[in-house]
Amino acid sequence: MISWRNFKIHARDLVHLGLPILLGQLAQMSMNFVDTVVAGTAGTAHMAGVSVGGALWTPLLLFGQGLLIPIGPLVAQGLGAGKKESLNRFWRQGIWLALFTSVFLIALFTAASRAFLHTDRIDAEMARIASEYLFYIKWGMPAFLLFFVTRFFIEAKSYTRPAMVAGFVGLFCNIPLNYVFVFGWFGMPALGGAGCGLATAIVCWIMFLIMLYYLKKHSPFTPKFVRPNWGIMRRVGRLGLPVAFALLLEVSSFSLISLLISPLGKITVSGHQVAMTTSALIFMFPLSLGSATSILVGKYLGAGDLARARENRQASVLISLIVASCSLSGLLLFREQIAQLYSGDPMVIALASSIMVYTAIYQFPDNVQMSVLSALRGYNDTKAIFCISCFSYWIMSVPLGYALCYTEILGKPLGVYGFWIGLIAGLTSSCVLVNFRIRYLERLTPEQIRRKISK
C-alpha cells in the first residue's frame, strides 16, 4: 500500500493536473444543467423532450469521444519515453478520425430524429420536441469531436488550462443562447426545448475554435494539414473502439432508462432527468481525477517506472473515496433543494429527490471504478474495459432494472426505482472487476508492460 509521504506527492500531482480538467468538465456539464432548467421553464413536455433527445445525443457523443481517448495515453507514453518529435502525428490524424466519425454519427442522429416523428409509444408533443432537438444539436458533433482531439493532445502534455477556459466560455455563451432560441428573444423564432439543441451546437464550434487558438499559440507546428495516415488511425481506432463501446454501453444503459420509462409519463421522465443530470454533474469529479490518472500512469509506464504508476493509481483511489464521501453526504442532505433548482412542479421535485437517494448510494463504487478504469487506459488495456462494461451494464444492470421496474419476477414492480437499483448493481460489479484486472497488470514484468503499451 502507498505510504503517506508518497500519497501526498501523487495527490499533489493529480490535483494540479486534474483541477483545471475538473473545472472545464463542470463548465461543459453545466450546459446540460442549463438546458434542463431552461427547458423546464418552457414546460414539463419540453424538459421531457430534451431528456429523451439527450438520451440519444449523450451516448453517441461519448462513443466518438471514447474512440479518440487513446490519443492522450499514447502522447503521454511517448513523452515518458522521450519520443517528442513524432507526437504531432496523433493530433493530425486524430482530426481526420474525428471528421470521419462525425459523418457517421450525424447520419445516425438524422435517422433517430425522423424515427421520433413516427413513434406512437410516447407522448406526441414530447416526441416532436425530441426530434427537433436532435435535428439541431447534430450539427455540433464535428466541432465537439475536434475539440476532444485537441483537448486530449494538449492535456497529455500536462497543459490543462485551455480546456477549462473553453468550457467556461462555452457555458457563458450557452446561457443567453438558450433563452434566445427557446423563447425567441431578439426576433429569433421561439423553438422551445429544441432551441437548447441549436444553442449547444453553436457552443460546440465556439469551444473548438478556442482550443485551436491555444494549440496554435503554444504548439505552432502541430496544426498542419496532412493526408490521412491509415496506419496511425488504425492504431488509435484499435485502442479506441473498445473504450468507445465501453462508454457507449455504460452511458447508453443510463440513457436507455430514459427511453424505457417514457411510457410511464412526463412526470416520471422529468423526475428521472433531474436525478440523472445531477448525477452527471457530480460524476465530473471522478471523471476529471480519472483523466489525470490516465495521463500520469501513461507517462510513468512510458518511462518504465512501474512502481510510481502503481502508487499513482492507489493515490487516485484514495482521493476518489474522499470525494465519494462528500458527494454522498451532499446528496442526502440537500436532495430536495437540488430538485427545486430544476423544476417548480411538486410532483417532479418529490420524485427526483427520492431517486437521489439511489444516486447517493452508488457514489462509492462509481468513483472507485472510474479511477481504476482510467489507470487501465494508461496501460492501453482497452479490451478488458469493454468486456467489463458489457457484463456490468448490459448483462447485469439493464436486465435487472427492467425486471424490477416492470415485472413481478422479483416481487412487486418498483417502477423507475427498479432501474436505479440495477444501476447500483452494475456499477458495483464494474468496481470489483476493474480492481481484479489492475492487480493482475501490476504484477506483470517491465518487459511485458513495454510490449503491451507498444502495441
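**Salt bridges, cores and helix packing**

Tutor: Arginine 451 counts as partly exposed, at 46% relative accessibility. Keep in mind that the model is predicted.

Student: With which residue does glutamate 447 form a salt bridge, the closest N and O atoms being 3.7 Å apart?
Tutor: Glutamate 447 is partly exposed, with a relative accessible area of 38%. The salt bridge joins glutamate 447 to arginine 451.

Student: Which residues are linked with Glu447 in a network of salt bridges?
Tutor: Side chains of opposite charge can pair when their charged atoms come close. The residues linked with Glu447 in the network are Arg450 and Arg451.

Student: How many salt bridges does the structure hold?
Tutor: One of them joins the side chains of arginine 12 and aspartate 13, at 3.8 Å from N to O. Another joins glutamate 442 and arginine 313, at 2.7 Å. The number of salt bridges in the structure is 6.

Student: Is arginine 12 buried or exposed?
Tutor: The cut-off for exposed is a relative accessible area over 50%. Aspartate 13, its salt-bridge partner, has 22% and is partly exposed. Arginine 12 has 54%, so this residue is exposed.

Student: How many residues apart are glutamate 442 and arginine 313?
Tutor: The side chains of glutamate 442 and arginine 313 meet in a salt bridge. Glutamate 442 is in the loop between helix H15 and helix H16, whereas arginine 313 is in helix H11, and the pair links distant parts of the chain. Their separation is 129 residues.

Student: Are glutamate 442 and arginine 313 buried or exposed?
Tutor: Buried means under 20% relative accessible area. Glutamate 442 has 17% and therefore falls under that limit. Arginine 313, at 8%, also counts as buried.

Student: Which backbone oxygen lies 2.7 Å from a polar atom of the side chain of threonine 101?
Tutor: Threonine 101 is found in helix H4, residues 88–117. The residue is buried, with a relative accessible area of 8%. Apart from its neighbours within four places in sequence, threonine 101 is in contact with Gly64, Leu67 and Leu145. The backbone oxygen at 2.7 Å is that of leucine 97.

Student: Which residues touch the most other members of the largest nonpolar core?
Tutor: This core has 70 residues, and its largest share, 12 residues, comes from helix H6. Not counting residues up to four places away in sequence, isoleucine 71 touches Phe90, Gly94, Val149, Phe152, Phe153 and Val236. The residues that touch the most other members are Leu68 and Ile71.

Student: How many residues are in the second, separate core?
Tutor: Its members include Ile295, Ala315, Leu373 and Ala375. The size of this second core is 39 residues.

Student: At what angle do helix H2 and H6 pack?
Tutor: Two packed helices are described by the angle between their axes and the distance between the axes. Residues in H2 including Trp57, Gly64 and Leu68 meet residues in H6, among them Phe144, Leu145 and Phe152. The axes of H2 and H6 are 10 Å apart, and the packing angle is about 35°.

Student: Is the crossing of H2 and H6 left-handed or right-handed?
Tutor: The crossing concerns H2, residues 44–68, packed with H6. Its handedness is right-handed.

Conventions:
Residues numbered from 1 in each chain as written. Predicted model: local features only at pLDDT ≥ 70, side-chain atom pairs only at ≥ 80, totals over all residues. Heavy atoms only, no water. Helix = DSSP H or I, 4+ residues; strand = E, 2+ residues; numbered from the N terminus. Buried < 20%, exposed > 50% of the residue type's maximum accessible area, 1.4 Å probe, protein only. Polar contact = N/O pair within 3.5 Å; in protein donor to acceptor, adjacent residues only side chain to side chain. Contact = heavy atoms within 4.5 Å. Salt bridge = Lys/Arg side-chain N within 4 Å of Asp/Glu carboxyl O. Core = buried A, V, L, I, M, F, W, Y, C linked by side-chain atoms within 4.5 Å. Axes fitted to C-alpha atoms, helices over the stretch in contact; angles between N-to-C directions. Left-handed = near helix turned anticlockwise from the far one by under 90°.
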